[in-house]
Amino acid sequence: MIGKFINRVFGKTPAAASPAAAPCLIPRADHGIGRELLSPCALKVIRELQQAGFKAFIVGGAVRDLLMGARPKDFDVATDATPEEVRALFRRSRIIGRRFTLVHVLCGQETIEVSTFRGHRAGSEDDAQGGEHRADENGRLLRDNVFGSQEEDAARRDFTVNALYYDPASETIWDCHEGYRDARARVLRMIGEPEIRYREDPVRMLRVVRLAAKLDFRIEEKTRSPVAELAPLLRNVPNARLFDEMVKLLLSGHALRSVHQLRAEGLHHGLLPLLDVILEQPEGERFVTLALKNTDERVRADKPVSPAFLFATLLWHQVLLTWRALERQGIKPIPALFEAMETVLHAQQEQLLIPRRFDAIMKEIWSLQPRFDHRSGARPYRLLAHPRFRAGFDFLVLRAQGGEIDPGIAAWWEQFQAGGEAERASMLLPETRPKRRRRPRRKSAAAADAAPPQL
Ligand code: ATP
Ligand code: MG
């Protein structure tokens with residue numbers, strides 16, 4: 001209200017009145033970031049580039065995170081040196097090229113990603129000439145590998161808070177898009193025209209949601225509003241790239257909040273089955289919510305998390321439904337489970353992003369589940385020795401917490417693992433299997449082991 005009033009009286013908001021006048025440089029006295037907050041490797045890379053006569057800055061997420069008082073995951077460097085020039089300066093470095101070429105410089109355990117200033121924005125004359133920046137019919141940039149000035153580099157970044165450049169030598173921040181102001185106001189604002197920028201790269205729709213959840217920032221209305229309508233453009237993004245971004249989101253430590261926000265923005269369709277199928281079924285949502293919460297806690301506690309485990313949880317509800325349906329058709333439990341796993345994974349291959357390399361681990365985690373029912377004889381010992389026992393057990397705990405199985409089973413296994421030899425032996429349940437004639441051995445040892453107790 002007040003903002004609108006000021007707008008009418010002055011023709012623009014006070015904030016909007018300053019950009020032209022504001023110098024791009026913010027001194028340390030204002031932003032408070034000292035060079036000691038950088039990693040030694042990042043400092044070294046920048047120092048050497050600058051000594052060789054190049055411009056070099058810490059850029060992107062690291063500056064933003066430092067401003068917010070958080071420890072950056074990694075430090076990225078932007079420079080006007082070409083990848084070959086960077087490569088020539090650092091012995092332990094290599095040029096890597098995925099979507100665009102950059103250089104990885106190694107010192108000790110650390111890797112610093114050094115990228116050369118990129119030029120160009122879609123809609124430029126270069127596009128019309130079908131140059132390096134060809135776009136598809138929806139405006140999606142197909143290549144983005146032209147070098148440019150620092151100003152151009154800033155303009156092609158996504159959000160204002162991601163276009164801050166920190167120079168450790170002078171301890172100043174170079175900020176030409178008012179990212180500093182937006183960081184203070186905790187707002188994500190797209191640089192340029194949001195709709196064009198989302199069309200250039202629809203993954204930015206996922207990024208805005210992920211970063212808002214991670215930073216606890218508000219999404220500026222103009223930046224948020226085109227998302228619902230443009231969401232279908234995500235279908236045109238190559239799977240590998242969507243998958244990378246989804247993994248970042250799921251392993252961000254804020255997966256639960258991100259997933260809810262994705263849903264609120266209408267971005268959940270066609271991304272992962274977890275989002276459009278599972279979240280719409282209360283039983284599935286409960287399990288996924290628990291799984292995401294658990295992952296978030298682990299990430300925040302700096303514990304390792306396995307993407308395969310997470311995907312196994314995300315797909316479990318579908319496996320379970322298929323498994324039950326097959327059993328109702330008269331198929332025995334274990335063959336039904338194996339068939340359900342195949343069916344679900346096969347269905348995913350067409351629409352889903354999860355690469356096949358995760359299949360084997362997911363299948364192992366799932367197929368271990370019925371084995372936890374056996375708590376007599378030698379089987380619990382064999383299961384305990386299984387290389388994937390820990391993952392299988394963690395999965396079991398989630399199922400128990402979600403109300404799918406008796407929590408007593410998970411508690412039993414918790415105690416069995418922790419117990420000494422005598423305690424374990426005393427915990428074993430009596431054999432319930434009635435004597436019966438020997439049947440020919442099953443083909444798969446895993447399937448035989450997983451067989452449920454005979455009634
Ligand atoms: P995080 O803390 O999760 O790593 P980040 O902002 O650093 O967040 P990165 O994927 O590491 O994310 O990207 C580094 C920088 O590259 C961003 O800060 C942004 O300036 C730029 N960037 C990354 N992806 C895009 C994109 N799709 N479009 C425009 N700029 C991008
Ligand atoms: Mg980053």
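**Notes on the predicted model**

1. Let me begin with the cysteines. Counting bonded cysteines along the chain, the disulfides of the protein chain follow the pattern 1-4, 2-3. The total is 2 disulfides. Please keep in mind that this is a predicted model.

2. One of these disulfides joins C24 and C176, with sulfur atoms 1.6 Å apart. The link of C24 and C176 is right-handed, with 110 degrees about the S-S bond. It connects distant parts of the chain, 152 residues apart: C24 sits in the loop between α2 (14-17) and β1 (25-26), and C176 in the loop between β8 (172-175) and α9 (179-185). C24 is partly exposed, at a relative accessible area of 23%, and C176 is partly exposed too, at 32% relative accessibility.

3. C41 and C107 form a disulfide as well, their sulfur atoms being 1.8 Å apart. The torsion about the S-S bond of C41 and C107 is about 80 degrees, so this disulfide is right-handed. Here again distant parts of the chain are linked, 66 residues apart, with C41 in helix α4 (residues 40-51) and C107 in strand β5 (residues 101-107). Both C41 and C107 are buried.

4. Next, the packing. Which residues touch the most other members of the largest nonpolar core? They are I58 and W366, in a core of 91 residues. Helix α18 (residues 307-328) gives the most to this core, with 12 residues. Domain 1 (2-195) and domain 2 (292-427) both contribute residues, so the core lies between them.

5. Leaving aside residues up to four places away in sequence, I58 touches L38, A42, I46, V63, F75, D76, V77, L164, Y165 and Y166.

6. A polar atom of the H31 side chain lies 3.5 Å from the backbone oxygen of I26. Not counting residues up to four places away in sequence, H31 touches I26, L67, Y166, E171, T172, I173, Y180 and R184.

7. Finally, where do the buried residues of helix α15 lie around the axis? Helix α15 (residues 255-264) has A255, L256, S258, V259 and L262 as its buried residues. They cover an arc of only 165 degrees around the axis, which puts them on the same side of α15. After α15 comes G266, whose phi is positive, near 75 degrees.

Technical notes. Residues are numbered from 1 along each chain as its sequence is written. Chains are lettered from A and ligands numbered from 1 in the order in which they are written. This is a predicted model: local features need pLDDT of at least 70, side-chain atom pairs count only at pLDDT 80 or more; totals for chains, interfaces and linings use all residues. Side-chain values use heavy atoms; hydrogens and water are left out. A polar contact is a pair of N or O atoms within 3.5 Å; within protein, one must be able to donate a hydrogen and the other to accept it, and residues adjacent in sequence count only if both atoms are side-chain atoms. Contact means heavy atoms within 4.5 Å. A nonpolar core is a set of buried Ala, Val, Leu, Ile, Met, Phe, Trp, Tyr and Cys residues joined through side-chain atoms within 4.5 Å. Buried means under 20% relative accessible area, exposed over 50%, partly exposed in between (1.4 Å probe, protein chains only). Helices (H or I, at least four residues) and strands (E, at least two) are DSSP runs, numbered from the N terminus. Domain bounds come from an automatic or database domain assignment. The arc is that of the directions from the helix axis to the C-beta atoms. A disulfide is a pair of cysteine sulfur atoms within 2.5 Å.
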